[in-house]
Amino acid sequence: MDKPSASGLISVVIPLYKEGSHLRAFLSDLRDALERTGCEFEIILVDDGSPDDTWENIKEEARTFPSLRAVRLSRNFGKELALCAGLERAHGERAHGDAVVVMDGDGQHPPSLLPVMIERWRTSGADIVHAVKTKRGRESLTGKLGALLFYLILNKLSGFDLKGASDFKLINRKVADTWLAMRERNVFFRGMTAWMGFITVKVPFQVVARRGGRSGWSYLRRAKLALIGITTFSSFPLHLVTFAGVIFFIFAIGLGIQTLYLKLAGRAFTGFATVILLELIIGSLLMISLGIIGEYLARIYEEVKGRPRYIVSESIEPER
C-alpha cells in the first residue's frame, strides 16, 4: 500500500458556535501544531450562526492568516450540518488535499494531538485515524449515563461500537469523497464514517476542559442527535412495534380464553380495575408505537423535501 506523501495538503475543518472568546488562542495553538507536521495545510472554519463575535474574530484572523478559509451560515443549522459545509469546501474546486481533519473549536479536541494523528496516517496506511476518548472530561453524571445508554442502544441495534467515539478524525481523500457522496440530510458524522468500513486506526486522547464559553449542546439537542443516530442506522424500533403487537395479541387470546372459561363456569365477576389497567397499557403501547413510526416518517419527510442542508450568508477565501 502506498504511503501518503509528507508534502500533502491537510484540510482542517472546524465547526464553530459561540467560540469568539477563545478563537484566537485556539487558532494560534492549531497553527503551531500543524507547522510541526511539515505538511501544507489549510484551515476551514464554519460559523454556525453564532450570536456572539465569532465571525468578527474570524475576519480579523483572516487578514493575517493566508491559509484560513471560512463560511458563515445564515442561522444555527447544528454541528452536523456545519460539518457538511466544511467538508464540502475541503473538497474544493481543485480536489484539495490528501487528508481532512475534523475537530471541534472549543479546545476539547487538543491541537497537540494532530502531529501524532498525521504521523499514524503516514506510517500505517490507514484510511481513517480516529481519536478515541479515554476520559470524557468534566461532564455531569446524567450526561455520562446518557452517552453510555445511547452508545449501548446504538451498538445493539446497528452493530457499530461507538463507545468513546468522537468527531475528532483524520480521513483521507477516498473516505472524504465517499462521505460527500452520501447526500442525506439527517447527518450523524461519526456513525456514517463507521458505517463506511474503511481501514481505521485509533489514537487515544483525554477530553480537556473548554477554553471558554459554554457548550451549546443542551439535553434536548443531544436527545435529538441520539434519535437521528438510532433511526438512521437501524430499523429495529419499527420491528419492535410489530413484535410488541404480536405479544399483546397472544396475551389477549389467553385472557379471552380465561374470561370465557370463567363465564361458562359461572364464576365471572366485574373487573373494573383490570379493564382500566389493560386500557392504560394498550393505550400507552399504541402511543409509543405511533411515536416510533412518526420518527421514521419525520426522517423521510425531511429527506423528500429536498431543501439544502444549510445556507451560506458570507464567506472568506484567500487571495490566489
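**Note on salt bridges and sheet architecture**

1. Arg 173 and Asp 177 are separated by about one helical turn, because they stand four residues apart in helix H6 (residues 173–180). Their side chains meet in a salt bridge at 3.0 Å, N to O (a side-chain nitrogen of Lys or Arg within 4 Å of a carboxyl oxygen of Asp or Glu). Arg 173 is buried, with a relative accessible area of 15%, while Asp 177 counts as partly exposed at 32% (buried is under 20%, exposed over 50%, partly exposed in between; 1.4 Å probe, protein chains only).

2. This is a predicted model, in which local features need pLDDT of at least 70 and side-chain atom pairs count only at pLDDT 80 or more, whereas totals for chains, interfaces and linings use all residues. Residues are numbered from 1 along each chain as its sequence is written, and side-chain values use heavy atoms, without hydrogens and water.

3. The side chains of Asp 104 and Lys 79 form a salt bridge of 2.8 Å, N to O. Asp 104 lies in the loop between E4 and helix H4 (114–124) and Lys 79 in helix H3 (residues 79–91), so the pair ties together parts 25 residues apart in sequence. Both Asp 104 and Lys 79 are buried.

4. An open sheet of eight strands has mixed pairing and the order E7-E5-E6-E4-E1-E2-E3-E8 (strands pair if DSSP finds at least two bridges between them; helices, H or I, of at least four residues and strands, E, of at least two are DSSP runs, numbered from the N terminus). Strands E7 (200–206) and E8 (312–316) stand at the edges with a single partner strand each, so one side of each lacks a neighbour in the sheet.
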